[in-house]
Amino acid sequence: MTLQGLTRILGISILLLAICVITTSLNPVFVDPQNLSNLLRWTALFGILGLGVAFVIITGGIDLSIGSVVALSGVCLMLFLQVNYYDSGHTLSVNSIDPDTKTITFDAPVPSYSDLDRLVISSKKTADDITLVIDQSKTQATNNDKILVLRSNVRRVELGSVATLEHQSRLMHPLLAVLLTLLIGAGIGLLHGVLIGYMKLQSFVVTLCGLMAYRGLARLVSGDEAVGVGPHHASLRYFANGKPIEIPVPLINKISATGDNAAQGSQGLWGWVELPMPMLILLVLALFSAVLLHKTVAGRYLLAMGRNAEAARFSGINTKQMTLLAYVMCSTLAALGGALFALDIGSVTPAGDGNFYELYAIAAAVLGGCSLRGGVGSIAGVIIGTAVMRSLYNAINLLKQPTYWEFIIIGVVLLLGVMIDEIGRQVINRIKTQRRKKMLSGSPIEQFSG
Amino acid sequence: MTPVKAPLLQAQGISKAYPGVIALDKVSMHLSKGEILAIIGENGAGKSTLMKSLAGLVTPDAGGLLIDGVPTELTGVQHAMSLGISLIHQELNLADNLDIAQNIYLGREPKRLGLINRKAMLRGAKAVLDEVGLDLPPTTPVAELSTGRQQMVEIAKAISTNARVIIMDEPTASLSDKETQRLYDVVDRLSAKGVGIIFISHRLEEVKRLAHRVTVLRDGQNAGELSRDEVDHDAMVKLMVGRDASNLYQYKPRPIGDAVLKVDGLATQAFPEHRLSLEVKAGEIVGVAGLVGAGRTEMLRALFGIDPPLAGTIHIAGNAIAIRNPKQAIAAGLALVPEDRKAQGVVLSMSIRENTSMARLGQDATAGIINARKERELGVSMKDKLATKAPTIEQLAGNLSGGNQQKVVLAKWLANEPKVLLLDEPTRGVDIGAKAEIYRIMEELAHEGVAILFVSSDLEEVLGVADRVLVMHEGKMTGELGRAGLSAESVMAMATNTHQTQTA
């Protein structure tokens, strides 16, 4: 990595640290393990988008469609994961109801069922049926085959009414659904790559059209309504909201328990922060990306192309193919991000989810040292850049400031970052010029500097 | 004309450094009223930087300017213009979408009540057009003018700013004979009116015809000065090169083998109406001469798959190959050292190592992972082999001098062990020492059996290096000369072939 690249990473790391320290001093809740875990999760989700766009920016392009790809892929995943019910043919009669434990006892043993299967209970008084979802984990605990525990209120169920057991049917295996979603992303990237790399259209225009078209498409396929998985697919959703690892961080309990939270009391030197699944996914992707960029032929070609596309082509590099690769990676990662955002919340609102996400991703990449002129970028920088943006957002929330401050502050911070970078470069150039001037006095012509 | 005591314009010990190269090293010059001064020197001698310093485009690191004997520090082009100094660039700086009058007054339009006074503009433009003898309505769009006429518009523009010093960078480089004559007339007339003229030129006849005095630059330093009477070809070349030009070229015959590159009926995208056929044998160095725009670069680009050929067959070592892109060309054993080194040859912000490995990175990789050790070794061995002057292979190409950058480009291709090496103006902008080394490398490669085809506008270079010379004119192959019967005259006659047969 170049000296300038290192300076850049050092610079934003200091910025990140400063934001953390200042926010903590104003509101110690910032370092509460719960808050830190959430911050890590959001950083990771946005970081995945940032990684993708970094590859495009390195080639000298831009991708404005990321937010819409997030929405479209999220909607598609939710639709692929949809669960339907069919009548099992078994009917039971309600013998007793316990509203407190949400338990119903039947006249006969309940036939085989699985978690989240449901009961449709007809009412004697009204024409409306009541639909109740089975909570298998708790039912098993009762160890009685005539008893079912349900997930929702059973107060409206009447004694003696008839319940029909309905089994669930999935459209497809959840992993297939994720794979298809990623393929949609890859397909979008392929389209962008062909239009930009092979047909030489401008990336700004192509992805601007994408920004609008995919957003519209997301609303079209979802019927312009929020789509979700409800209580289903808990195991798949673990990839978005799971917290498999805890890492110890010193002092945070003591700090976060000061001030308004003093009542909670301190809990020793070490606080445990849960590392969310998306962060693990991001770390794997970052490692993969860093290797790709710095250790593989493709990465070198991408960098070469971003710096001098003409010279790259004259060296036999297939610049069209490399462009295609960058856009496919960007849109696939956007689709992965979209899938994780959707799984995290469990539903997608097609009109609003993912709005402006492309700009957050681009801002993070630029803050992290990617040059929009192409050819320059660092994976670590993108991730730290994302962390800066999310920390700012979190700080504004914790300090109970209106959210419009988020936009103002991020805008100003980004601008300052770029300005400091440029000023730094000019200072370095001036120092070099001074050195050359000194060199001029006396010596014959040098063939090289440094 | 009364002699003025202080020169109109004087430069004293001007120095200017760029990353990796010192463009000007304590250069001095002076210009009197009505004088026509030619500045000559090889590519990279610092002529353009000197011009830019005089016109306020470049701020010298050291040294100073005197205008009418008054020390002056130019702050920019506007400042220079206000002091009566105008620079006419080699690539003309006219706005195509505007008409002549709008271009002449660009940025300083005559105003009336805050609006552009079109009438005054047209009147003024007409007056200066008359002065340069350009009989065109000032409302003519510049896009419709030939290069020669655009040049006249540039001069008219300079006159309209009441320029006392007009600086021209290779003014006749792209002019026809007739246009050149007209330019000479205008320059003479301006000189007679007391305007000082400085011009850069590569054409020695032009210098002989126009200049009152010649200042010669070499490697960024003053190399000497010639008065009008002393100006002749040999004296100028000697000062420019710093030694006898013949020392640079030491042609020795080489054993020549079978045909490696064989091209039949090649049609380039630029000249689809002409078919090109040629052959280069193992160990042979074939030069391609011709005027700018003769289609030589286009031929190399077609052979290398940059602009794939429209028709024709290409054989390499007896095998017919189809070339649709550079990758295929490289796979077939071709290599191209392109015309524009900085834009096409090297990636300036990458290191010598990264540039050197660029064309064979994939070959040396395992499962797409770069073999870092091999890459380093390749960089070091190539740097040693070509004697590239740099502290380490991690040095950025952008910090190297032109000659060493060219060696990096050569290193990239030699690493691939090409069968056919195509070179386009290989020594353009390269200092004399590196030039000699590039010739040495070419000869070594030829000895190793590589077939070399090189395009050059430097006639002495073509005559001094090539075993055989092909001449092109307007997209056509107009002649072929072996070592016997090879002379500047015979090449030039073929390079201007059609022109002469038409007029004869």
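Strand E13 (residues 259-267) of chain B is joined to E14(B) by 5 bridges, and the two run antiparallel. Strands count as paired if DSSP finds at least two bridges between them. Helices (H or I, at least four residues) and strands (E, at least two) are DSSP runs, numbered from the N terminus. Within this pair, Leu266(B) lies opposite Leu276(B) of E14(B).

The model is predicted: local features need pLDDT of at least 70, side-chain atom pairs count only at pLDDT 80 or more, and totals for chains, interfaces and linings use all residues. Residues are numbered from 1 along each chain as its sequence is written, chains are lettered from A and ligands numbered from 1 in the order in which they are written, and side-chain values use heavy atoms, leaving out hydrogens and water.

The E13-E14 pair belongs to an open sheet of 4 strands in chain B, ordered E14-E13-E16-E17 with antiparallel pairing. Strands E14 (276-281) and E17 (319-321) of chain B form the edges; each has a single partner strand, so one side of each lacks a neighbour in the sheet. From one strand to the next, the twist averages 20 degrees. Helix H9 (residues 296-303) of chain B packs on the sheet and touches E13, E14 and strand E16 (311-316) of chain B. Contact means heavy atoms within 4.5 Å. The direction of H9(B) makes about 110 degrees with that of E13(B). Axes are lines fitted to C-alpha atoms, for helices over the stretch in contact, and angles run from 0 to 180 degrees between N-to-C directions.

Over all chains, 34 salt bridges are found. A salt bridge requires a side-chain nitrogen of Lys or Arg within 4 Å of a carboxyl oxygen of Asp or Glu. One of them joins Asp344(A) and Arg41(A), at 2.6 Å from N to O. These residues sit in helix H12 (residues 319-345) and helix H2 (residues 33-58) of chain A, 303 residues apart. Asp344(A) is buried at 10% relative accessible area; Arg41(A) is buried at 11%. Buried means under 20% relative accessible area, exposed over 50%, and partly exposed in between (1.4 Å probe, protein chains only).

In chain B, Asp458(B) forms a salt bridge with Lys435(B), with the closest N and O atoms 3.6 Å apart. Asp458(B) is partly exposed at 25%, whereas Lys435(B) is buried at 6%. Shared partners link Arg300(A), Arg353(B), Glu354(B), Glu375(B) and Glu394(B) into one salt-bridge network.
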